[in-house]
Amino acid sequence: MYRILIVEDDETIAKTICAHLKTWDYEVQYIQDFKRVEECFLHFQPHMVLMDILLPFYNGFHWCTQIRKTSHVPIVFFTGVRRSGRYRRCRSSSCHRQMTI
């Protein structure tokens, strides 16, 4: 089964995304401890990561860089914040796509 990791600090959004993806038969897990994102990633071994940019403790750019040290799974950033330069920073952190919602 295809595994997707959700890294989103708004629990309502995370649960909504998880519920929707599960209807398509994906195995989905969302992060609840934002100090342990890398550890959860390594344990779950997802095929793709959907990640918010603005997170507690460390931002999504940090976690993308950490994940890239051990894996090249697709990472898609999603955010509600539009800022110039954000797209360049997403690309420089080796994410695959960015979506503004």
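Colleague: Which residue in S3 is the bridge partner of Leu-5?

Modeller: In this predicted model, Leu-5 has Val-49 as its bridge partner in S3.

Colleague: How many bridges join S1 to S3, and do the strands run parallel or antiparallel?

Modeller: Strand S1, residues 3-7, is joined to S3 by four bridges, and the two run parallel.

Colleague: What about S3 and S4, over how many bridges do they pair?

Modeller: Four bridges again, in the parallel sense, with S4 covering residues 75-79. One of the partners there is Phe-78 in S4, which pairs with Asp-52.

Colleague: Which helix goes with S3 and S4 in a β-α-β unit?

Modeller: Helix H3, residues 60-68. S3, H3 and S4 together make a β-α-β unit that is right-handed.

Colleague: Is S3 mostly covered or mostly open?

Modeller: Mostly covered: strand S3 spans residues 48-52, and five of its five residues are buried. Both faces are covered, with Met-48, Leu-50 and Asp-52 buried on one side and Val-49 and Met-51 buried on the other.

Colleague: And S2, which side chains there are buried?

Modeller: Val-28 and Tyr-30, which point to one face of S2.

Colleague: What stands opposite Tyr-30 of S2?

Modeller: Ile-6 does. The chain gets from S1 to S2 through H1, in a β-α-β crossover that is right-handed. S1 and S2 run parallel and are joined by four bridges.

Colleague: Changing topic. Where is Trp-24?

Modeller: Trp-24 sits in the loop between helix H1 (11-23) and strand S2 (27-30). Its relative accessibility is 59%, so Trp-24 counts as exposed.

Colleague: Which residues form a nonpolar patch with Trp-24 on the surface?

Modeller: Tyr-2 and Tyr-26. The three residues together have about 350 Å² of accessible area.

Colleague: What is the phi of Asp-25?

Modeller: Positive, about 70 degrees, although Asp-25 is not a glycine. Most residues other than glycine have a negative phi.

Colleague: Is Asp-25 buried or exposed, and where does the chain have it?

Modeller: Asp-25 is in the loop between H1 and S2. With 57% relative accessibility, Asp-25 counts as exposed.

Colleague: What about Phe-57, what phi does that one have?

Modeller: Phe-57 has a positive phi of about 70 degrees, and Phe-57 is not a glycine either. Phe-57 is placed in the loop between S3 and H3.

Colleague: Buried or exposed for Phe-57?

Modeller: Phe-57 counts as exposed because its relative accessibility is 55%.

Colleague: On to cysteines. How many disulfides are there?

Modeller: Zero, from a search of the whole structure.

Colleague: Are Cys-18 and Cys-40 buried or exposed?

Modeller: Cys-18 has 5% relative accessibility and so counts as buried. Cys-40 counts as buried too, at 13%.

Colleague: How many salt bridges does the search find?

Modeller: Three, over the whole structure. In one of them Lys-15 pairs with Glu-11, with the closest N and O atoms 3.2 Å apart.

Colleague: Why are Lys-15 and Glu-11 separated by about one helical turn?

Modeller: Because the two residues are four apart in helix H1.

Colleague: How exposed are Lys-15 and Glu-11?

Modeller: Lys-15 is partly exposed, with a relative accessible area of 44%. Glu-11 is partly exposed as well, at 42% relative accessibility.

Colleague: Which residue meets Arg-36 at 3.8 Å, and which at 2.7 Å?

Modeller: Asp-33 is the partner in the 3.8 Å salt bridge, N to O. Glu-39 is the partner with the closest N and O atoms 2.7 Å apart. Salt bridges with shared partners join Asp-33, Arg-36 and Glu-39 into one network.

Colleague: What are the accessibilities of Arg-36, Asp-33 and Glu-39?

Modeller: Arg-36 is at 35% relative accessibility and counts as partly exposed. Asp-33 is at 31%, again partly exposed. Glu-39 is at 46%, so Glu-39 also counts as partly exposed.

Methods
Residues numbered from 1 in each chain as written. Predicted model: local features only at pLDDT ≥ 70, side-chain atom pairs only at ≥ 80, totals over all residues. Heavy atoms only, no water. Patch = residues over 30% accessible without salt bridge, like charges linked within 9 Å, V, L, I, M, F, W, Y side chains within 5 Å. Areas by Shrake-Rupley, 256 points an atom, 1.4 Å probe, with all protein chains shown as cover. Salt bridge = Lys/Arg side-chain N within 4 Å of Asp/Glu carboxyl O. Buried < 20%, exposed > 50% of the residue type's maximum accessible area, 1.4 Å probe, protein only. Pairing = 2+ DSSP bridges. Right-handed = clockwise from strand over helix to strand, strands pointing away. Disulfide = S-S within 2.5 Å.
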